[in-house]
Amino acid sequence: MNDTAPLSAPPRRTRGIVLLVLAILGMSSAVFVVRRPLLMSAPTCMAGRWHGCFDTFNGVVLMTLVALPLAALVAWALARRRRAAGVTSAWRMSAAEVGMVHGTVPFLWLTMMPGGGAGTVPARVSLVPLRDLITMGPLGIAGNLLIFAALGFFAPMRFAALASVPRILALGAGCSVLVETAQYVLRLDRVSSVDDVLVNAVGAVLAALASRRWWRTTAQAPSDQPRPAPAPAG
């Protein structure tokens, strides 16, 4: 008799419940911290006015939080469709796809917001490494670390070819170079800095290391294909 099999399910279920509770507590804490800025931008967003909603930090954060239920619904619909098709790891794949988009697009939107002198002041470039870290400050460094954090966290879980720290580093650096180049070409009154590229890439790598427990198994057993149908007996 196997006495360990019945005892393995409850701890796994308990671990999932604990993780869910921790996620809810973390989200609630984040909302509590930013509650005042969000309440300031809520009337403008509810009125449907562009200015003060989608062109401000508070407004973008508010709309990101409001869109969370929709993102969860999309992930559920994708997972259900894949499970019906017999795809393994349907929930992981669907959550990774939605997480990459929902966690990256708002930060890119904030990064590409034009400054007060957009289109009039000349484009600025800073190519000296580590020179701009002092002027960034703690908030600036934290913001740059988060820009591609969701991409670094979920991309290796979804794509087995990216399940490698050097590849995530290259992905984060490449995406950051594209963003800095767009800021320079569009003259958004922002400094295109090599330090931004470095910090963005480091943020992607740190997030990837946080999810390594899941994307290493994905790399070993890709799950993009449906499960083969069992052969008929006899």
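What percentage of the 234 residues in the protein do buried residues make up? The answer is 31%. The structure in view is a predicted model, and every value discussed here was computed from it.

The overall architecture may be taken as a starting point. The protein has 10 helices and 2 strands. Read from the N terminus, its elements follow the order α-α-α-α-α-β-α-α-α-β-α-α. When contacts between residues at least 6 apart in sequence are considered, 73% of them join residues at least 24 apart. The accessible surface of the protein amounts to about 14800 Å², and carbon and sulfur atoms account for 71% of that area.

The buried residues of α7 are Ala 149, Ala 150, Leu 151 and Gly 152, together with Ala 155, Pro 156, Met 157 and Arg 158. Phe 153 also belongs to α7, which spans residues 149-158.

Setting aside residues up to four places away in sequence, Phe 153 touches Ala 207, Ala 208, Ala 210, Ser 211 and Trp 214. Gly 203 stands 50 residues from Phe 153 along the chain, yet the C-alpha atoms of these two residues are separated by 9.6 Å.

The structure holds 2 aromatic pairs. In one of them, the ring centres of Phe 153 and Phe 154 are 4.9 Å apart and the ring planes meet at 75 degrees, so the pair is edge-to-face. In the pair of Phe 153 and Trp 214, the centres lie 6.4 Å apart and the planes stand at 50 degrees, so this pair is tilted. Phe 153, Phe 154 and Trp 214 together form one aromatic cluster. Trp 214 is partly exposed, its relative accessible area being 33%.

Ser 176 lies in helix α8, which covers residues 165-186. Its relative accessibility is 0%, and Ser 176 therefore counts as buried. Beyond its neighbours within four places in sequence, Ser 176 is in contact with Phe 148, Asp 196, Val 197 and Asn 200. Asn 200 can also be related to Ala 142: the C-alpha atoms of these two residues, 58 residues apart along the chain, are separated by 9.6 Å. Ala 142 is located in helix α6 (residues 133-147) and, with a relative accessible area of 34%, is partly exposed.

The structure holds 2 cavities of 30 Å³ or more. The largest cavity contains about 40 Å³ of space. Its lining comprises Val 121, Pro 122, Ala 123 and Arg 124, along with Gln 183, Tyr 184, Arg 187, Leu 188, Asp 189 and Arg 190. By class, the lining of this cavity divides into 5 nonpolar, 1 polar and 4 charged residues.

Among the open spaces, the second largest pocket has a volume of about 150 Å³. Its lining is made up of Phe 54, Val 60, Met 63, Thr 64, Ala 67, His 102, Val 105, Pro 106 and Trp 109. Helices α3 (57-66) and α5 (90-111) each supply at least two residues of that lining. Helix α5 gives the most, with 4 residues. The lining of the second largest pocket has 7 nonpolar and 2 polar residues and no charged residues, whereas the lining of the largest cavity includes 4 charged residues.

Terms used:
Residues are numbered from 1 along each chain as its sequence is written. This is a predicted model: local features need pLDDT of at least 70, side-chain atom pairs count only at pLDDT 80 or more; totals for chains, interfaces and linings use all residues. Side-chain values use heavy atoms; hydrogens and water are left out. Contact means heavy atoms within 4.5 Å. Buried means under 20% relative accessible area, exposed over 50%, partly exposed in between (1.4 Å probe, protein chains only). On a 1 Å grid over the protein atoms alone, a cavity is a set of points where a 1.4 Å probe fits but cannot get out, and a pocket is an open set with protein on both sides within 12 Å along at least five of seven lines; lining residues have an atom within 4 Å of a point. Grid points are joined across faces, edges and corners, and a volume is the space filled by probe spheres set on the points. Ala, Val, Leu, Ile, Met, Phe, Trp, Tyr, Cys and Pro count as nonpolar, Asp, Glu, Lys and Arg as charged, and the others, Gly among them, as polar. Rings of Phe, Tyr and Trp (its six-membered ring) pair if their centres lie within 6.5 Å; planes under 30 degrees apart count as stacked, over 60 as edge-to-face and the rest as tilted. Accessible areas come from the Shrake-Rupley method with a 1.4 Å probe; for residues, only the protein chains shown count as cover.
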